[in-house]
Amino acid sequence: MTDVASEPVQAIKESKFGFILKRRFAPLFVLLQTATFNDNALKNALIALITFGGIAFLSDLPSAIRVPVAGLIFTGPFLIICAIAGQIADKVDRGMLLRWVKRAEIVIMLIAALGFWLVDIRILAVALGLMGAQSGFFSPTKNAVLPQWLTPKELIRGNALLNGFVFVVVLVGQIGGTFLVLNGTMDAIDVSGTKLASVFLLGVAVVGWIASEFCPKAPAPIPDLKINFEPFTATFSAIGKAFKAPAVLRPMLGIAWFYGLSTVFVTTFPDYVASVMNYNASVLIMMLVLSTLSIMAGSIFVMLFGNWSIWGPEAVRLSALGIVGVVIFIGAIVVLPSPAFAGEGLGTAEDFLANSQTPLFLGSLILSSVFNGIFVVPLQAMAQRRADPANRARLMSAGAVLLNLFVNLSTFGLIGLAILRLPPKSPFIMVVVGSAIVAAYAIYRSIKPIEHPTYGS
């Protein structure tokens, strides 16, 4: 078994990306991507069945409310379990914990397979909730183990590589989940596709489990830690620890905002494309493709250039540049007219591309996504490096709790906007206002950066 205590030291002598094929990174990369695919494929299949497939789910409510509620099925269990998981990840070997998480995913995908086979929305909702709980274990464990397996200089590159591919896998999962369960016209259920989805997701879970068995040891910092299994007090305790470590809390809040604004887009676009712009799911898929690849492009930029000294300590200025770009280009989406289809029925991707307003709209979407990727990657490395190894997993669980609080607040905000019947672009205005506040603070920190102590493995 690889000695993780010595391997990061040896990595200093390797090339900049020599860690990629090592056991301290490669298995984690594979199991993260497989989990991400299954999360998003299952969630978007459920949303597609509700939005385009005509499946009854809270049918008395408009789709602008039903879709955010469906999203809460995943984030709710994540939020409840995450603080408990952070304690466990500080108490037991994190490599072993990752293996058990992936074993649990196989059981969950068997439940999802039954739901897809029967096209039963209730079973799929149960599976999605269980995946949320499973992700609640995975998230703090992954973030705590990265500084244990990578050197401080490798963290930005490792995070950029993980997240760059995560965005692509999110895209593939979103498209795959939508495409498999709908027919070729993207407006009705494909029963054979739902059965194929049941087999495919189970196969992906098996690949992730096999990868997890190759994870090296990651000894726990506090083996005698007493676990608080009461979710509410555990959550408040984790958040309290984060507030006592403000240097870690600040980047975690930035990460939480990134996921909050991403939730606004992912949750808003299905109904916005169908009900406001009047296009079918092919246009939604096109927008998801371009947005996700653009976030990946931003992450790759950070991976290649994030360690340059011009960005200041821990690439603070690079992150500030990213959030400023987000404000500018999402603001452009608000100001520019949306390329709506004026014909009968729902327009196609071809109709969308033929619209004269589409180039500026897509350009703004692409650039806002590139800068979003540039914004978030340095923040993740900051939080991991600054966290004390003795309670790193609990601090990372606090970050995941904050992340999901922002996601849930964004979701409830969308529900509130729908109830108040505010203009369709109100969610984008909400993102611009929140991002402008984050940008103001990021610019301030860029002008007056602070050198924070960082920890190794």
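Below is a list of things to select, with a note on what you will find at each stop.

Before you click, know that this is a predicted model, in which local features need pLDDT of at least 70, side-chain atom pairs count only at pLDDT 80 or more, and totals for chains, interfaces and linings use all residues. Residues are numbered from 1 along each chain as its sequence is written, and side-chain values use heavy atoms, with hydrogens and water left out.

Stop 1: Select Arg394 and Asp90. Their side chains meet in a salt bridge, 2.8 Å from N to O. (A salt bridge is a side-chain nitrogen of Lys or Arg within 4 Å of a carboxyl oxygen of Asp or Glu.) Arg394 lies in helix H14 (residues 392-419) and Asp90 in helix H3 (residues 63-91), so the pair ties together parts that are 304 residues apart in sequence. (Helices are DSSP runs of H or I with at least four residues, strands are runs of E with at least two, and both are numbered from the N terminus.) Are these two buried or exposed? Arg394 is buried at 9% relative accessibility, and Asp90 is buried at 0%. (Buried means under 20% relative accessible area, exposed over 50%, and partly exposed in between, with a 1.4 Å probe and protein chains only.)

Stop 2: Select Lys102 and Glu105, whose closest N and O atoms are 2.5 Å apart. Both lie in helix H4, three residues apart, about one turn of the helix. An α-helix has 3.6 residues a turn, so residues three or four places apart point the same way. Lys102 and Glu105 are both buried. Now move to Arg122 and Asp120, a salt bridge with a 3.1 Å gap between the closest N and O atoms. Here Arg122 is exposed at 63%, while Asp120 is buried at 16%.

Stop 3: Most residues other than glycine have a negative phi. Val119 sits in the loop between helix H4 (94-118) and helix H5 (121-149), and is partly exposed at 24%. Asn278 also has a positive phi, about 65°, and you'll find Asn278 in the loop between H9 and helix H10 (281-305).

**Stop 4: aromatic rings.** There are 14 aromatic pairs by the rule used here. Select Phe269 and Phe428, a tilted pair with 5.7 Å centre to centre and 40° between the planes. (Rings of Phe, Tyr and Trp, using its six-membered ring, pair if their centres lie within 6.5 Å; planes under 30 degrees apart count as stacked, over 60 as edge-to-face and the rest as tilted.) Phe269 is in helix H9 (residues 246-276) and Phe428 in helix H15 (residues 426-447), 159 residues apart. Both are buried.

Stop 5: Select helix H13 (residues 358-386). At 1.5 Å a residue, its 29 residues should span 42 Å, and the end C-alpha atoms are 43 Å apart, which agrees. (The expected span is 1.5 Å times one less than the number of residues.) Of those 29 residues, 24 are buried.
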